[in-house]
Amino acid sequence: MTPQPLLEVRNLSKSFHGRRSGDAKVMKAVDDVSFDILPGETFGLVGESGCGKSTTGRALLRLIEPDSGSVSFQGQDLLKMPRKQLHSTRRQIQMVFQDPYSSLNPHRRVGVILDEALKIQYRLPRKQRTERVHRILDRVGFAEDYYYRFPHEMSGGQRQRIGVARALIVGPQLIICDEPVSALDVSIQSQVLNMLHDLQVELGLSYLFISHDLSVVRHISHRIAVMQKGRIVEQGPTDEIFSNPQHPYTRQLLDAIPASHPRLARERRTALTTPVS
Amino acid sequence: MTSFAPRSPLFPGMTADRRSLQLRRIRNNSQVMTGGSILLLILLIALIGPLLTPSGPYETDTPNRLLPPSTTNWFGTDNFGRDLFARVVSGSHVSLMVGFSVALITSGLGLVIGLVAAYFKTADRILMRILDGFMAFPAILLAIAIMAALGVQTENVIVALSLVFTPYVARVVRSSALVVKEQTYIESLRAQGASAYRVLWVNIAPNVLSPLLIQATFIFADSIITEAALSFLGAGVPPPEPSWGNILFDGKTLIFSAWWMTVFPGLTIMLVVLGINFLGDGLRDLLDPRHKSIRK
Amino acid sequence: MTNPALLTVTDLKTSFLTERGPVTAVDGVPFTVRRGETLGIVGESGCGKSVTADSIMRLLDEKDASYSGSVELNGRDLLSLPETEMRRARGSELAMIAQDSMSSLNPVFTIGNQVIEAITVHQKMSQKDAYRLAISLLERTGVPEPEHRMTQYPHELSGGLRQRILIAMALSGNPKLLIADEPTTALDVTTQAQILTLIRALQSSSDMASVLITHDLGVVAEMCDRVIVMYLGQVVEEADVDALFDSPQHPYTRGLLASIPEIDGDRSQPLNVIAGRVPTLHDVPTGCRFAERCDFATDKCRDSAPPLEDVTLETVDMLAGDATPRKVRCWNWRHIPMNTSATTAKAIR
């Protein structure tokens with residue numbers, strides 16, 4: 001028996017109209033997208049820029065209002081929910097953004113940023129809030145004095161860990177990660193990826209992991225959906241997608257990934273230039 | 001690595017070593033230093049000036065009318081024999097008070113209007129059209145019209161100038177807020193479920209304070225000039241209370257026989273406005289990230 | 001096989017005056033590029049790789065940047081050329097393509113205007129000839145419908161097409177050296193693969209050398225003949241591309257290679273993490289610059305800075321047959337066991 005999905009997305013669609021009103025040009029950013037995310041699972045959403053993967057992530061949280069479809073979270077449809085109820089559901093679904101530089105308010109200390117996230121969702125006495133902020137800082141690997149740091153005093157990787165802490169502090173079950181490591185250097189990228197993995201194991205979190213980087217998505221995801229021009233062209237377990245891609249676009253994407261060793265790169269080039277007899 | 005430094009009021013978001021860097025940047029900024037020194041000097045004279053004058057600004061001394069500058073009457077005397085230095089000093093109280101009040105009021109109003117317009121679409125359409133209407137009039141004409149409606153009184157000068165200048169501040173605040181609004185941390189707050197109040201007043205507002213401060217200094221200078229112009233035209237501070245504008249007005253007919261009656265108040269206005277503008281330009285260089293010359 | 005050096009960079013130092021005092025962003029960098037060769041410069045942000053490129057082109061504002069050392073192109077030192085001659089050299093002897101294709105093109109002029117301008121800056125020819133040359137350049141760089149593209153504006157084209165146009169402009173003066181600063185970082189994988197293929201094809205048909213600056217070791221594997229790895233303004237390792245991937249010597253290079261999730265790697269293992277963060281240029285460590293993040297650091301590493309020394313054949317057997325010299329900046333490279341880097345994943349600090 002398969003477990004009950006945490007999130008069920010069905011026929012989600014969102015179109016954008018041309019800049020001028022009455023413009024006939026309609027861009028289908030998200031076109032009839034359906035997928036499930038199971039508890040404790042990482043679901044990877046890959047595709048190239050403009051394929052609608054980020055719009056999908058935002059539409060789930062209604063940061064962009066989708067045109068049609070349904071998004072049911074623990075059996076309740078987020079898209080039909082009144083604003084009040086949506087507010088408290090946001091405790092369960094949080095988001096981590098791509099750019100760690102613009103995703104933290106430069107005028108606020110780290111402790112205040114985390115405290116604010118808590119204040120938005122819970123009515124707690126200050127003492128309890130501060131305690132929780134310190135606990136979460138410790139969990140993402142910061143010493144106590146980071147409470148008083150400003151974002152500009154931290155590196156990109158450290159900021160992204162604060163971004164994760166801000167999502168974690170309200171106790172979510174699902175975190176939507178929109179390109180969380182694409183702005184980071186490789187050695188820092190691995191810090192954040194390992195941390196996300198550890199947190200998942202420890203807390204039973206689910207992730208919707210949105211990225212253009214197939215190697216990263218492969219490393220962290222249990223299942224993957226490939227998006228092209230607003231549609232999901234293929235989805236399935238990670239190993240199957242990578243070892244036996246069905247859709248030509250998926251194959252095209254996989255072929256474009258740079259080789260991990262120069263010898264492999266040369267072999268592939270000679271294979272491409274010598275015609276198959 | 002201790003980061004318990006208190007917040008610096010001028011540069012929020014700064015710890016001790018960064019603040020000393022900021023202080024060095026201020027000291028190295030010749031415009032801020034020159035402008036600041038000029039203003040400090042004028043302020044000092046405005047404060048201790050009354051102790052240095054031979055007679056009060058309202059004391060007439062008909063036998064000694066229209067005396068040229070001398071060691072007793074540094075700026076000379078006017079057509080009623082009043083000491084011109086005393087009148088310019090006393091006028092500085094009025095002018096600086098008007099300028100400061102207008103800068104303060106327009107900043108407050110401009111901040112509220114600009115932020116609300118930046119965040120709410122409907123409010124934006126309504127508010128911006130009203131402000132456009134205000135800005136379609138030349139500032140001085142609008143000020144005269146408002147003065148005519150309200151009556152000639154020092155307090156009304158402040159009201160009129162505040163009405164005239166608020167749109168300019170609101171526009172600056174709105175455009176900076178629109179930029180901040182697009183930042184990811186604002187989207188993140190919405191994703192967390194933050195209220196409009198929290199987004200706007202707790203998170204966007206502090207980010208527009210630097211452009212607001214810069215704009216306020218220019219409004220300060222502009223309102224001193226406009227107040228002088230209003231008083232010169234007889235629609236500003238009512239005589240006999242001296243203001244730089246109506247001292248100029250008194251000297252207008254005597255410009256060829258008593259040059260000191262126009263030159264000294266005129267020079268004072270110029271100096272103050274120059275000082276404020278220096279300060280404003282310098283602050284812009286210091287606070288505007290686009291003008292920053294920090295490299296990695 | 002004797003291939004004379006086209007570009008020889010010796011002890012290049014580039015310093016900036018900042019408000020917090022002077023910093024040396026590039027600190028004594030040596031390398032050579034031979035004809036037709038592709039040299040990769042890899043490193044993370046802030047390592048000085050882009051400043052190195054800008055220094056070779058002398059594109060930095062010389063009011064607050066100063067150079068020392070030498071950059072010899074065909075035996076002529078670019079750093080001591082007068083600005084007018086340097087300007088002539090740019091575009092005709094060496095050309096550059098940048099990462100951001102949108103801001104590298106002027107949004108108010110058509111593609112045609114800009115390509116023709118790039119041509120006529122260096123070559124005296126009629127508008128008609130320049131137009132014809134522009135079309136042929138666009139054809140060479142694989143731009144479809146070149147006549148139509150000439151009338152379009154930058155924002156009407158995709159990122160990949162814009163990058164092709166920039167390459168066409170860079171090729172207009174037949175440069176002997178092409179410097180590409182993260183040419184595909186802003187592009188999607190499929191477009192990246194196309195652009196990389198294009199650069200390689202252009203190079204093999206014209207014996208043009210190139211310096212490819214990138215943070216992406218995959219791009220290095222695809223494109224480069226030789227690689228230098230930079231860390232905090234210095235070269236820490238130089239090697240043939242195969243040798244670098246087979247047997248990285250410097251702990252930093254090893255850590256970097258092990259921290260990339262590979263498309264065919266083992267997913268159950270956590271990724272390698274290089275602990276700590278890159279120090280700022282304002283407080284460069286006295287000893288080895290990588291010491292505080294290095295798993296193998298000794299007291300010697302922390303106290304004195306290692307030189308960039310030759311890796312000799314006697315000490316590394318597996319390099320037998322490797323013609324070009326390798327260099328590494330590490331006191332302990334002889335003693336660091338192979339294949340340890342992947343297992344040294346530390347807890348996040």
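Between chain C and chain A, about 3,500 Å² of area is buried, and carbon and sulfur atoms give 52% of that. Keep in mind that this is a predicted model. The contact itself takes in 37 residues of chain C and 42 residues of chain A.

**Where chain C meets chain A**

- Five salt bridges are counted between chain C and chain A.
- One salt bridge to look up pairs Arg263(A) with Asp246(C), where the closest N and O atoms sit 2.6 Å apart.
- There are also 16 residue pairs in polar contact across the interface of chain C and chain A, with both residues at pLDDT 80 or more.
- Which elements give two or more residues to the side of chain C that touches chain A? They're four helices of chain C: H8 (189-206), H9 (217-223), H10 (241-246) and H11 (251-259).
- H8(C) gives the most to that side, with six residues.
- Sorted by class, the side of chain C that touches chain A has 15 nonpolar, 10 polar and 12 charged residues.

**Where chain A meets chain B**

- Here the contact takes 28 residues from chain A and 27 residues from chain B.
- The area buried between chain A and chain B is about 2,500 Å², and carbon and sulfur atoms give 48% of it.
- Which three residues supply more than any other three of the area that chain A buries against chain B? They're Leu63(A), His107(A) and Ile120(A), which together supply 23%.
- How many salt bridges are found across the interface of chain A and chain B? The rule finds two.
- Glu116(A) forms a salt bridge with Arg198(B), and their closest N and O atoms are 2.9 Å apart.
- Polar contacts between chain A and chain B come to 13 residue pairs, again with both residues at pLDDT 80 or more.
- On the side of chain A that touches chain B, strand E6 (93-96) and helix H3 (110-121) of chain A each supply at least two residues.
- H3(A) gives the largest share of that side, namely five residues.
- By class, the side of chain A that touches chain B has 10 nonpolar, eight polar and 10 charged residues.

**Chain B on its own**

- Chain B has 11 helices and zero strands.
- Read along its sequence, chain B's pattern is simply α-α-α-α-α-α-α-α-α-α-α.
- Taken along the principal axes, the C-alpha atoms of chain B fill a box of roughly 80 × 50 × 25 Å.

**The sheet in chain A**

- Chain A has an open sheet of four strands in the order E2-E1-E4-E5, with antiparallel pairing.
- Why is one side of E2 (26-37) and of E5 (76-77) in chain A left without a neighbour in the sheet? These two strands stand at the edges, so each has a single partner strand.
- Strand E1 (residues 7-17) of chain A runs antiparallel to E2(A), and eight bridges join the two.
- If you'd like to find one of the pairings, Lys14(A) has Val30(A) in E2(A) as its bridge partner.
- Helix H1 (residues 53-60) of chain A packs on this sheet, touching E1, E2 and strand E4 (68-73) of chain A.
- The direction of H1(A) makes about 115 degrees with that of E1(A).

**A salt bridge inside chain A**

- Over all chains, the structure holds 42 salt bridges.
- Within chain A, Asp178(A) forms a salt bridge with Arg58(A), the closest N and O atoms being 2.7 Å apart.
- This pair links distant parts of the chain: Asp178(A) is in strand E7 (residues 174-178) and Arg58(A) is in helix H1 of chain A, 120 residues apart.

**Strands in chain C**

- Strands E1 (residues 5-18) and E4 (residues 65-73) of chain C pair in the antiparallel sense over eight bridges.
- Along that pairing, Lys13(C) stands opposite Ser68(C) in E4(C).
- E4(C) is also joined to strand E5 (residues 76-77) of chain C, by two bridges, and these strands run antiparallel.
- Leu73(C) has Arg76(C) in E5(C) as its bridge partner.
- The hairpin of E4(C) and E5(C) has two residues between the strands, and Asn74(C) there takes a positive phi near 55 degrees.

Conventions. Residues numbered from 1 in each chain as written. Chains lettered and ligands numbered in written order. Predicted model: local features only at pLDDT ≥ 70, side-chain atom pairs only at ≥ 80, totals over all residues. Heavy atoms only, no water. Contact = heavy atoms within 4.5 Å. Buried area = accessible area lost by both parts, 1.4 Å probe. Salt bridge = Lys/Arg side-chain N within 4 Å of Asp/Glu carboxyl O. Polar contact = N/O pair within 3.5 Å; in protein donor to acceptor, adjacent residues only side chain to side chain. Nonpolar A, V, L, I, M, F, W, Y, C, P; charged D, E, K, R; others polar. Pairing = 2+ DSSP bridges. Axes fitted to C-alpha atoms, helices over the stretch in contact; angles between N-to-C directions.
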